[in-house]
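Here are some exercises to work through with the model open next to you. Try each task before you read its solution.

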Amino acid sequence: MAGYFTDLWIGVTTVLQGMWVTFVHLFQPRVTVQYPREQVPMYSRTRATLVNHAEICGYCLSCKRVCPVNIFTIVGARAETGEDLGLLPDGKPKKMHILEFKIDMSKCVYCGLCVDACDTQSLRWEQPQEKPVFSRRELLHDFSDMTEEAKRRVREREEARKAAKAAAAKAAAAPSTPSSPSQS
Amino acid sequence: MTEPRELNIPLGPLPSDVEDVHGERMILQMGPQHPATHGVLRIELETDGEMAVRAVPHIGYLHRCFEKVAENMQWPQIVPYTDRLDYLGSMNNALGYVLACEKLFGIEVSERVRAIRVLAAELNRVASHLVAVGTYGLDIGAWTPFLFLFQQREHILDLFDELSGSRLLYNYIWIGGLSHDLPDGWLKKVRDFLVYMQPKIPELNTLLTYNKIFLERTGKVAVLPAETAIQWGVTGPNLRGSGVKWDLRKIEPYSGYETYDFEIPTGTGEAGRVGDCFDRYVVRVREMEQSLRIVEQAVQRLERMPADDVRAAIPKTFSKVPVGEIYFRTEATKGELGFYAVSDGKSKPYRLKCRTPSFCSLSVLSKMSPGLLIADVVALVGSLDIVLGEVDR
Amino acid sequence: MSLAPLVFSLLFVAGVIGYIAVFALLAIWLERKVSAHMQDRLGPMETGGWHGWSQTLADLMKLLLKEDIIPTAADNFLFRVAPYVVFVGSFAAWAVLPFAANLIGTNINIGVFYLVAVSSTVVIGILMAGWASNNKWAMYGAMRSAAQMVSYEIPIALSLLVPILLAGSLSMQDLVKIQAGGFWHWTVLRNFPFPFIAFVIYFWASLAEVNRTPFDIPEAESELVAGYHVEYSGMRFAMFFLSEYANMFLVSGVVTAVFLGGWHAPLPALEIAAETSALGHAITGAMWFSIKAISLVLLQMWLRWTLPRLRVDQLMHICWKVFLPFSFVNVLLVSLWAALSR
């Protein structure tokens, strides 16, 4: 019987205490950040979006090797001797054209292993441009810094070089008998 | 070797259902989409009126083949995958895996790295328990504590954002060290957070923990006896709620936990019976307090330690690692998280098995449900604090 | 048959529908704002400019434009009719709410009896909704709601007996008239503490009638996803929502009328009697009535955002083992007091 009344008393007092807590909170300042009128703080390490600065990319492919989900498609071409592509941050000359540097952000898990692996720091985390997209295709970013004209020239040069190499390899493989195969 | 015990759980329709077409029993699906099942979990509930007669959890909706993927990833590439097991307590998952690898490969890290790891893991434990406690209040019907606790959690997530670059899935604890050193001024922010958090847990206690309605809803409900918990492999706050003082941080300390001063809260039957839902809940609240104590001690140490390179012990390459196998267990936020790694010397593990605490906690649901009202089943699932990422892997 | 009463009734009905609509719009906005500020947030801020005042209007537009989905296996007729039964159950009871001495739908001499009887027809609508949805979860919500509402009728009726005993009449206007003169004459403060206990019990039991937390088991959102109205969308759902808020105001209005002085001002100096200026009295009376009723609605909202939910059997325990004995003993003691003081 006593339990009945103590339960009731505890019920009433705890309800009132709870109501006091919410009442006090009614007058406390809000914690909402009214985005986009107010900005949310972002830090320098925040993994917002990947950006590759191809002019200092050394084509080491460490990012591609270390990525757990294979989001990188990187195609490069060696520069000709005499062609000046600029210098990498460590002073050495840049030796590779970056024809394609595609990152599929729709697959990225934002782990950051690629940014850490990049030794020229061309691949970085940067603040997002706040552009949501309407199709997944737009999440496939290409960071090549070459013009279409330049890419075409380099690609044609590569094709020619490969064809020449293939022809040379074929000529070297077959024994050099200039005479006709059958001599009757 | 004891004989395997006969399990008394009917795993299909009971014979009476077939004949009893107009019976009173109803089979309900607390389906994969349900506000109270903490993720994509399907509970097949057979009820007799309001009372549940049988509850069978169906899992697998979040299975992502973690163990198979791990066989195709190099050792350090697996760390982002471990983050996604218990996504609310990523630091602890990564810590468990990394410590297993370090022990297998014979890598020693500096004391500073160990202290930072403990700091991160304990802050993450607080964040995870804030979610557990907040969503539990939500299951019981109290809306407001949920929002208060999530706001407090925001501060922790901001701290982690500044530390590692990400709010929830950190990829911060690496094999042999850490990915980044502490940013400038970060320890001060952690101290500010500790001051901010001081009055919050007493406020939670006033609003929710000792509210009579909450005590009625969770007290004496779904009692898990200690013996049953141990038999079913339940660990973590669920086991401690049943009165068993078992915490791997004290029993098999790792990463320097033996040098910290903290207590292990256990369930004492405050709301009626030892091992009821309230005990499991209150153990989490008290664990938050203890974790904050550990964080304070870790911050004090780190302030005094000279700076060093947190990547010093990371191996240059993982292409040739020692051969061997190891089972290493840590006290993750939900219980004993064990990694069984088999290395055959190559850069990818031969086998990586992960023993997760939520899997065992969930399995005990089918044992405890018969006899509970539906509202109690919801209270039980909430008190077990399962994360489906861990259950399904 | 003279036309004037008929015209007045029709005007009153239109007025009440308008009042309910405006009140619901205001109350839903207020609920969101109050809950937000209690939770350190902001609530609606964008729609309409100043603190999102037209958020509810926007939601109403959205609900009106939604596709009308009726589950295939649902009982069509019952499904369609259920929201209106629920609405009518609470709307009809507004006829006896005394907004002012000269502003009441119909001043029947069994006002309270009529009120309690008609507002309990809401249960039928809820059961219809739960059954017709062809959804086990909805069925659960409906059954719980039926049990809850039917049980809580008893403490409600018993606690309403106390002011009836003090006033000697069942008519709502009579119950208000005995509270004239200032707030110390209000029923809640007379013959202390018995009407006060009746007030507390009636308030809590009315929370159960309206399915508000801590008695919102029928709509237990985290268990049953929305209980009996889970299959409803669009305008039908809006109807349920509207009836919930209409019901909230109804029970608050009854508490105001019966315990808190009705349309009387708290101080006699602020009162405008019906005899001096009919229109002035109607307006100020309705104003005082609304202020008090809306404060009680705010109190209901405050409780909703503070307390967890009771389980069904605990709810029943509170009704039958706490409210019923207390209200029963209360009635006995008040009768004794009234008899002895005569």
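Two residues are in contact if their C-beta atoms, placed from the backbone, lie within 7 Å. This is a predicted model, where local features need pLDDT of at least 70, side-chain atom pairs count only at pLDDT 80 or more, and totals for chains, interfaces and linings use all residues. Residues are numbered from 1 along each chain as its sequence is written, while chains are lettered from A and ligands numbered from 1 in the order in which they are written.

**Exercise 1. The domains of chain C**

Task: work out how many residues of domain 1 of chain C are in contact with domain 2 of chain C, and which elements they come from.

Solution. Step one, get the bounds: domain 1 of chain C covers 1-65 and domain 2 covers 75-340, with bounds from an automatic or database domain assignment. Their C-alpha centres lie 19 Å apart.

Step two, count: 14 residues of domain 1 of chain C touch 15 residues of domain 2 of chain C. On the domain 1 side, the elements giving two or more residues are helix H1 (3-38) and helix H2 (55-64) of chain C. Helices (H or I, at least four residues) and strands (E, at least two) are DSSP runs, numbered from the N terminus. H1(C) gives the most to that side, with eleven residues.

Step three, sort by class: the domain 1 side has twelve nonpolar, one polar and one charged residues. Here Ala, Val, Leu, Ile, Met, Phe, Trp, Tyr, Cys and Pro count as nonpolar, Asp, Glu, Lys and Arg as charged, and the others, Gly among them, as polar.

**Exercise 2. The overall form of chain C**

Task: find how many helices and strands chain C has, then check its radius of gyration against the globule rule.

Solution. Chain C has twelve helices and zero strands. With 342 residues, the rule puts a compact globule near 20 Å, and chain C has 20 Å, so the two agree. Along its principal axes, the C-alpha trace of chain C spans about 65 × 55 × 45 Å.

**Exercise 3. A helix pair in chain B**

Task: say how helix H4 and helix H5 of chain B are oriented, and which residues meet.

Solution. Start with the geometry: H4(B) (residues 90-105) and H5(B) (residues 111-140) pack at about 140°, with axes 7 Å apart. Axes are lines fitted to C-alpha atoms, for helices over the stretch in contact, and angles run from 0 to 180 degrees between N-to-C directions. The pair is therefore oblique; under 35 degrees counts as roughly parallel, over 145 as roughly antiparallel, 65 to 115 as roughly perpendicular and the rest as oblique.

Next, the residues. Ser90(B), Met91(B), Asn92(B) and Leu95(B) in H4(B) meet Arg117(B), Ala120(B), Ala121(B), Asn124(B) and Arg125(B) in H5(B). By class, this contact has four nonpolar, three polar and two charged residues.

**Exercise 4. A sheet in chain B**

Solution. Strands pair if DSSP finds at least two bridges between them.

Now zoom in. Strand E7 (residues 335-344) of chain B pairs with E8(B) over five bridges, and Phe339(B) stands opposite Cys354(B) in E8(B).

**Exercise 5. Chain B and its partners**

Task: describe the sides of chain B that touch chain C and chain A.

Solution. Take chain C to begin with: 26 residues of chain B are in contact with 22 residues of chain C. The chain B side has 16 nonpolar, six polar and four charged residues.

Then chain A: this contact takes 20 residues from chain B and 22 from chain A. H6(B) gives the most to the chain B side, with five residues. That side divides into five nonpolar, eleven polar and four charged residues.

Technical notes:
The radius of gyration is taken over C-alpha atoms; the globule rule is 2.2 Å times the number of residues to the power 0.38.
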